[in-house]
Amino acid sequence: MQKRPFIIDCDTGTDDAIAIIAALYSEEVEVKAITSVNGNVEHKYVCHNNLNLMEYLDQKVPVAKGANMPFRDNGLHANDGTHGKTGLGDLTLPEAQHSEFDPRIASQLIHDVAVEEKGELELLVIGPMTNIAIALLQYPDLPGLIKHIWFMGGAAVGGNVNTTAEFNIWVDPEAAHVVMGSGIPMTMVGLDVTLKAAMIEEDAAELRACGTRAANFVADLLDYMFRRRDMGQEDALMHDALALGAALCPDCLVCKDCYVDIECFGQYTRGHTAVDLKGRSGKKPNVSVALEIDVPMFRRWLVDAVKKSAKLGDK
Ligand code: BDR
Ligand code: CA
């Protein structure tokens with residue numbers, strides 16, 4: 001089978017880590033690189049989480065550093081504790097001993113791989129869009145080299161940081177505005193669907209029974225999320241893995257083509273994704289927006305994707 005080349009741009013992050021693992025073991029995907037961005041936790045933690053995870057899973061995937069702050073440094077290097085102090089909840093991975101960061105910064109690595117893949121590269125963007133916007137501004141040929149962007153961010157209705165903004169877009173609205181205007185085909189997987197994408201204890205039990213290192217680590221992350229949920233915080237929501245699900249299990253979502261842009265100025269609405277659901281702007285749709293989800297189908301797909309670590313001979 002011809003594998004689909006992907007780069008994952010992420011702010012790992014508990015749910016980012018699960019999305020990365022699902023991609024690593026999905027038979028139809030080849031993860032070409034992982035690029036790190038400030039977001040859920042400080043950039044330095046994101047970088048090390050990504051490098052440590054690759055070594056822990058014995059994966060030879062290049063890991064790059066990226067942007068350590070958004071375009072407009074508004075002091076919002078937010079860490080509200082959702083992902084713990086260093087990004088993986090209350091879990092820590094062994095420090096990588098034999099791995100080095102790729103010498104290229106995220107934007108350069110993205111462009112290099114896009115050129116190598118001759119228009120076939122897909123991006124899974126599951127953190128603030130700073131690295132992608134930098135790459136687009138640096139390399140004017142990039143839009144023609146990217147086949148599709150699958151991103152977790154935004155919401156047609158509502159927000160999770162405030163009443164109108166979702167975290168990834170809220171951290172760097174200017175970057176998201178650049179990406180929305182790039183002309184690259186893209187799919188938005190926002191809170192309209194991700195707030196419903198909760199895993200349950202049975203999923204963790206099935207992963208533990210699988211017993212690979214990858215499956216156990218995902219089960220550990222889920223257990224952290226269940227503890228967090230039981231303390232009244234966020235449920236075990238698979239925001240980021242659902243963006244991968246859009247690419248690999250498209251039947252679990254219903255999407256609609258809409259014009260989408262980003263509010264960069266509003267006093268109360270900065271970071272809002274303005275989704276023209278009814279076509280009132282008269283502007284041509286630029287984003288396929290996920291609006292409905294089949295939760296059992298998504299959970300089945302995600303558990304199965306991680307369990308493929310067994311087939312591939314993981315420990
Ligand atoms: C997004 O923000 C982060 O908490 C998650 O990793 C996800 O990418 C959800 O708003
Ligand atoms: Ca994320």
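In which sense do strand 4 (residues 121-125) and strand 5 pair, and over how many bridges? They pair in the parallel sense, over five bridges. The views below come from a predicted model, in which local features need pLDDT of at least 70, side-chain atom pairs count only at pLDDT 80 or more, and totals for chains, interfaces and linings use all residues. Residues are numbered from 1 along each chain as its sequence is written, chains are lettered from A and ligands numbered from 1 in the order in which they are written, and side-chain values use heavy atoms, with hydrogens and water left out.

**View 1. The open sheet has nine strands in the order 3-2-1-4-5-6-9-7-8, with mixed pairing.** Strand 3 (63-64) and strand 8 (273-276) are the edge strands; each has a single partner strand, so one side of each lacks a neighbour in the sheet. Strands (E, at least two residues) and helices (H or I, at least four residues) are DSSP runs numbered from the N terminus. Two strands count as paired if DSSP finds at least two bridges between them.

**View 2. Strand 5 lies between its partners, strand 4 and strand 6.** Strand 4, helix 4 (residues 130-138) and strand 5 form a right-handed β-α-β unit; right-handed means that, with the strands pointing away from the viewer, the path from the first strand over the helix to the second runs clockwise. Strand 5 and strand 6 pair in the parallel sense over four bridges, and Trp150 is bridged to Thr187 in strand 6. Six of the seven residues of strand 5 are buried, so this strand is largely enclosed by the rest of the structure. Buried means under 20% relative accessible area, exposed over 50%, and partly exposed in between (1.4 Å probe, protein chains only).

**View 3. Strand 6 (residues 186-189) and strand 9 (residues 287-293) run parallel and are joined by two bridges.** Met188 has Val289 in strand 9 as its bridge partner. Helix 6 (residues 173-180) packs on the sheet, touching strand 5 (146-152), strand 6, strand 7 (253-262) and strand 9. Contact means heavy atoms within 4.5 Å. The direction of helix 6 makes about 110° with that of strand 7; axes are lines fitted to C-alpha atoms, for helices over the stretch in contact, and angles run from 0 to 180 degrees between N-to-C directions.
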